[in-house]
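The following exercises are to be worked with the sequence and the coordinates at hand. Each task is followed by a solution in steps.

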Amino acid sequence: MASVSLSNVVKAFGAFKVVHGVDLDIADGEFVVLLGPSGCGKTTTLRMVAGLEDVSGGEICIAGEAINDRPPKDRKIAMVFQNYALYPHMTVRQNMEFALKPQKLSKAEVDAKIAGVAGMLGLDALLQRKPAQLSGGQRQRVAMGRAMVRTPEVFLFDEPLSNLDLKLRTQVRMEIAKLHKQLGTTVIYVTHDQVEAMTLADKIVIMKDGYIEQIGSPEEVFAHPKNLFVATFIGSPSMNLFRMTVERSEKGPVLSSAAFTIAAPADMNGKVHTRPGGDTRHPPQRRPPCPGR
Amino acid sequence: MNKISTRQATLVYIVTGIILIIFMIPIYLILASSLKPSADMFSPSADGLFTPTLQHYVDLFTLRPFHWNIINSLVVTLGSTLFSVTVRSLGAFALSRIRHPRINDAAFWILSMRMFPPIAVVVPYYIIFKSVGLLDTPLALIIVYSTANIPLTVWLMKGFFDEVPEALEEAAQVDGYGIVEIFYRITLPLAAPGLAVCAVFCFIFSWNEFLFALMLTGSSAQTATVAVMSFWSSDAVQWGRIMAGSFIILIPGVIFVLTCQKWLVKGLTLGSVK
Ligand SMILES: Nc1ncnc2c1ncn2[C@@H]1O[C@H](COP(=O)(O)OP(=O)(O)OP(=O)(O)O)[C@@H](O)[C@H]1O
Ligand SMILES: [Mg+2]
C-alpha cells in the first residue's frame, strides 16, 4: 500500500503534447477514478504511473519515492490493460500463475489465491481454456483476475468493465469495491462509466484534453462543478445551462434572463467575472517536489 | 471459408499432381540410378527393367568414408543452425523493438550484406582461416554458414516479432519480469513459427552448401555434398555412388523439415489483445 503523487507531469509524443502538467495527490488506500472524454489522456497518465511510458516532464512518486526512472517491474503495481493483453499461449490459470510467480509464493498459496479470484470473477469453469477460446467479456474478467491475484502497492485499472453486460458489470463492480475495502490497496481506475465512477470513487479526477478540470469527491463534482465542462460532463441527463445576465436590484445582485430571474448565490458575491466562452480553467500550478527526496 | 465445388477440387488435385510429378521425377531418377548395377547405367535393357542392387550404397561406406562426411555435414549444419537461430532471434528482436530514428538504417545495412555474391568472400575467408589454423575444420564452416544468411533470416524473424503485440511484453513488465525473461517466456514462444522457418532455411542452406565447403575443407572436414562430387574424377565418373550419395543427402533435410512443420502454425497470438 502506498500513496501516489504526480507533480506537474507532462507527456509529449514528439512535438504533440497530450498531458499538460498534471498535479494529483492520491493518499494511501484511496480509490481514485480518472474520468473524461475519449482521448483526454487517461490511459497515457496511467501508463506513466505504470512506467510503460516515459515522463516528458514533472515527477511521479509512489510511497514518497520518485520513481520516474524505475522500470515497471520494480514499481509494485498491478494493471488491467484496456486491450486485456492476455498471454495467448497460456491457459487462464497459467496467466494468473505467471503474474504470481515473481512473488515467490508456495504452491498452496498460489492455488488459494487463484481459487479465490476465480470464484469472485466467475472464472472457475474457464481456468483450463486459452484466451482465444474466450468471449470478449470473459477475456476482460481474466485480465481483471490476473491483476487481482497479485498484492501490489497500487492497482491500475484501465476501463476494466467496459465489455461486460450490465448485470455482470454491477456484480464485478461490487467485488472490486469489496476487495478494495478488504485489502485497502491504493487504486487508480479509468472509466467512461459515470455510475462506476460515482459508486467506487473516494475521489474523482475529471480530465479534458490533457488537463485536470476538477478533483473532488463524487458529491463535490456532481453538486459543485468547478466549471462548465465538468458541469455538463457529469450527470445524466446533463445539467441545464442558461445564459444569464448579472443585474443589480434592490435585493442585491440577481441573475436574469428573458424567461426568469433568480437571486445570485451568496458565494458569488464579488467574484463574478465575465468570461466569454465560459472557460474558467485554472492555470496549472507548480507544487513542491515529493517528500522523501 | 467458401465451399469448394467438386469440380474445383478435382482441378486442384490435377494441378497438384502434375506439379508433384515434375518435382518427383529427378528424385525418382536418383533413386533408380542408385539401385542400378553399373553395367545397366547407360545401356538399359529394352523393357527398362533391371535387377536392383545395394552395391553402390555398400561401396559408399566401405570403400569411402561417407559416414564421416555425413557426420561432418551434420555437425556443421546443426552447429550453424543452432547458432544462427539463437543469435539472429536476439538481433531481430532488437530491430523489432528498439525505437530509434536510425534503426531502419541499421536494418537496411544488414540487408545490404545480401548485395554481393558469396564467391567474392571465398578467398578472404580462405586466407583468414589459414592464418588462424581453422582451415579444414567444421568450425570454419560453422562460422561461414552462421554469417551467410544473416540478412534473410534476421528480416524474416523481425517480421514475426513485429506480429507479437507489445502490450503482452508490457503486461509482463508490470507483472514483475525483466526483459530477458519476457523475451524467452512471452515473445519467443509466440514467434515460434518464425523460429522454425528460420531454422529450416539455415538447415537447408548449410546442408546443401557446396562452394564454401569445397574451398575451405580438405579431407578431414569434408562434407557430404563435396564428397559426392569427388566421385566425379578425371579418370572415371562413378554414377552409382554419386546417385547413392545424393539420395542419402536428401533424407536429413526431409526429416528436419517434417520435424519443424509442427511449429509452423498460424494464429498463436489469437485472443491476446482486443
Ligand atoms: N503512442 C502515441 N503517439 C502519439 N500520440 C498518442 C500515443 N498514444 C496516445 N496518443 C494520443 O494521446 C492522447 C491521449 O490518449 P489516451 O490513450 O491517453 O486517451 P484516453 O483518455 O485513454 O482515451 P480512451 O478513453 O479513448 O481510452 C490521444 O489524443 C492520443 O491520440
Ligand atoms: Mg484509454
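## Exercise 1: Chain A as a whole

Among contacts in chain A (heavy atoms within 4.5 Å) between residues at least 6 apart in sequence, 63% join residues at least 24 apart. The model is predicted: local features need pLDDT of at least 70, side-chain atom pairs count only at pLDDT 80 or more, and totals for chains, interfaces and linings use all residues. Residues are numbered from 1 along each chain as its sequence is written, chains are lettered from A and ligands numbered from 1 in the order in which they are written, and side-chain values use heavy atoms, with hydrogens and water left out.

Task. State how many helices and strands there are in chain A, and describe its extent and its surface.

Solution. 
- Step 1. Chain A holds 8 helices and 13 strands; these are DSSP runs numbered from the N terminus (helices H or I, at least four residues; strands E, at least two).
- Step 2. The C-alpha trace of chain A spans about 80 × 45 × 35 Å along its principal axes.
- Step 3. Accessible areas come from the Shrake-Rupley method with a 1.4 Å probe; for residues, only the protein chains shown count as cover.
- Step 4. Of the 293 residues of chain A, 48% count as buried. Buried means under 20% relative accessible area, exposed over 50%, and partly exposed in between (1.4 Å probe, protein chains only).

## Exercise 2: The nonpolar cores

Task. Identify which residues of the largest nonpolar core touch the most other members.

Solution. 
- Step 1. A nonpolar core is a set of buried Ala, Val, Leu, Ile, Met, Phe, Trp, Tyr and Cys residues joined through side-chain atoms within 4.5 Å.
- Step 2. The largest such core has 45 residues, of which A:M96, A:M144, A:V172, A:I176 and A:Y189 touch the most other members.
- Step 3. Helix 3 (residues 107-121) of chain A gives the largest share of this core, 6 residues.
- Step 4. Apart from this core lies another, of 43 residues, including A:A2, A:A85, A:L156 and B:A172.
- Step 5. Leaving out residues up to four places away in sequence, A:M144 touches A:V80, A:L121, A:F157, A:P160, A:V172 and A:I176.
- Step 6. As general background, nonpolar side chains tend to be buried together in soluble globular proteins.

## Exercise 3: The shell of ligand 1

Task. Determine which residues surround ligand 1, and list polar contacts to its oxygen atoms.

Solution. 
- Step 1. With a cut-off of 4 Å between a residue heavy atom and the molecule, the shell consists of A:F13, A:V18, A:S38, A:G39, A:C40, A:G41, A:K42, A:T43, A:T44, A:Q82, A:E159 and A:H192.
- Step 2. By class, the shell has 3 nonpolar, 7 polar and 2 charged residues. Ala, Val, Leu, Ile, Met, Phe, Trp, Tyr, Cys and Pro count as nonpolar, Asp, Glu, Lys and Arg as charged, and the others, Gly among them, as polar.
- Step 3. The largest share of the shell, 3 residues, comes from helix 1 (residues 42-50) of chain A.
- Step 4. A polar contact is a pair of N or O atoms within 3.5 Å; within protein, one must be able to donate a hydrogen and the other to accept it, and residues adjacent in sequence count only if both atoms are side-chain atoms. A backbone N or O atom of A:G39 lies 2.8 Å from a ligand 1 oxygen, a polar backbone atom of A:C40 is 3.2 Å from an oxygen atom of ligand 1, and a polar side-chain atom of A:H192 lies 2.9 Å from an oxygen atom of ligand 1.
- Step 5. Ligand 1 taken alone exposes 640 Å², of which the protein buries 63%.
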